[in-house]
Structure formats: C-alpha cells, structure tokens
Amino acid sequence: MTSSGESSSRRNATMADAEPKQLSPLSIITLQNIKDRPHQKGNRKLPGGTVRYFDNNEPRYGWLLNGWLAEERRVPSGRLYRYYYDPVGRQYRTKTKVLFAWEKMGVIFIHP
C-alpha cells in the first residue's frame, strides 16, 4: 500500500489510463487538441470509469489515418463507449461517420 492507501496495482492502472504509451507524434498533437477544447466530454471523467486513447499503431484501430484517435470510455457500469477524433479535435461517434467524413475530404478507404 502507498501512503495514500491506494494499492500499487490500482495506482498503476489509473496512471496507464491517464497517459498513452505508444501514440505517434501526430496523435499526441491530436490528443492535446482534444484536451484543450473546454466543451469536450474528454475533459470530464466519471469516478470509477476509465478513458483510453488509441491511434493506428493499435491493431484494432489500424484503419485510422495518421493523427486520428480512438477513445474508449468505460463507465462504472461496465459499458464501453467509443469516440473518434480528427487531428483538429472534432468528435465522431461511429466508424461510419469517420468514413463519411473521409469521403467528403476525398480520402479513399479500402478495408483490408
């Protein structure tokens, strides 16, 4: 136990959620853009919930373009919410909406 009464494994799990470990430099800039926007839900955290960020270095999000992020938000009930962010920090609620935004930008997406 630590002096705060929190077990080290619990503290490490919390710290792992706080800062991503393997994000690309472009994704780190996107994450900063997200956190700088005061109205984003990413700036609020429910007690007992976790928030994790992934970019295209994570195999399940390999379809994302460079600089785009996926956010996984697990609430205390166990439900998982996913959000996607473009490099400017705009939020998209589904993969379909991300693909539609790419289509509007002229990006061609070929699913492997």
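Mentor: Four strands form an open sheet here, in the order β1-β2-β3-β4, with antiparallel pairing. The edge strands are β1 and β4, each of which pairs on one side only. Please note that this is a predicted model, in which local features need pLDDT of at least 70, side-chain atom pairs count only at pLDDT 80 or more, and totals for chains, interfaces and linings use all residues. Residues are numbered from 1 along each chain as its sequence is written, and side-chain values use heavy atoms, with hydrogens and water left out.

Trainee: What holds for strands that pair in a sheet?

Mentor: Strands of a sheet pair through backbone hydrogen bonds, either parallel or antiparallel. Strands (E, at least two residues) and helices (H or I, at least four) are DSSP runs, numbered from the N terminus. Two strands count as paired if DSSP finds at least two bridges between them.

Trainee: Which residue of β3 is the bridge partner of Ala-70?

Mentor: The partner of Ala-70 is Tyr-84. Ala-70, in β2, also has Phe-54 standing opposite. Likewise, Leu-69 has Tyr-85 of β3 as its bridge partner, and Tyr-85 is bridged to Gln-91 in β4.

Trainee: How many residues lie between the strands in the hairpin of β3 and β4?

Mentor: There are five, and Gly-89 in the turn has a positive phi of about 105°. The hairpin of β2 and β3 also has five residues between its strands, and there Gly-78 takes a positive phi near 105°.

Trainee: Why is β2 described as largely enclosed?

Mentor: A residue is buried under 20% relative accessible area, exposed over 50% and partly exposed in between (1.4 Å probe, protein chains only). Five of the six residues of β2 are buried, so the rest of the structure largely encloses this strand. Helix α2 (residues 25–36) lies across β1, β2 and β3, at about 55° to β2. For such angles, axes are lines fitted to C-alpha atoms, for helices over the stretch in contact, and the angle runs from 0 to 180 degrees between N-to-C directions.

Trainee: Which residues of helix α3 are buried?

Mentor: An α-helix has 3.6 residues a turn, so residues three or four places apart point the same way. In α3 (residues 95–105), the buried residues are Val-98, Ala-101 and Trp-102. They cover an arc of only 100° around the axis, which puts them on the same side of α3; the arc is that of the directions from the helix axis to the C-beta atoms. These buried residues pack against β3 (80–85) and β4 (91–92), where contact means heavy atoms within 4.5 Å. The face turned away from the buried side carries the exposed residues Thr-96, Glu-103 and Lys-104.

Trainee: How many aromatic pairs does a search of the whole structure find?

Mentor: Rings of Phe, Tyr and Trp (its six-membered ring) pair if their centres lie within 6.5 Å; planes under 30 degrees apart count as stacked, over 60 as edge-to-face and the rest as tilted. The search finds six pairs. The rings of Trp-63 and Trp-102 have centres 5.8 Å apart and planes at 55°, so this pair is tilted. Trp-63 lies in the loop between β1 (50–54) and β2 (69–74) and Trp-102 in helix α3, so the pair ties together parts 39 residues apart in sequence. Both Trp-63 and Trp-102 are buried.
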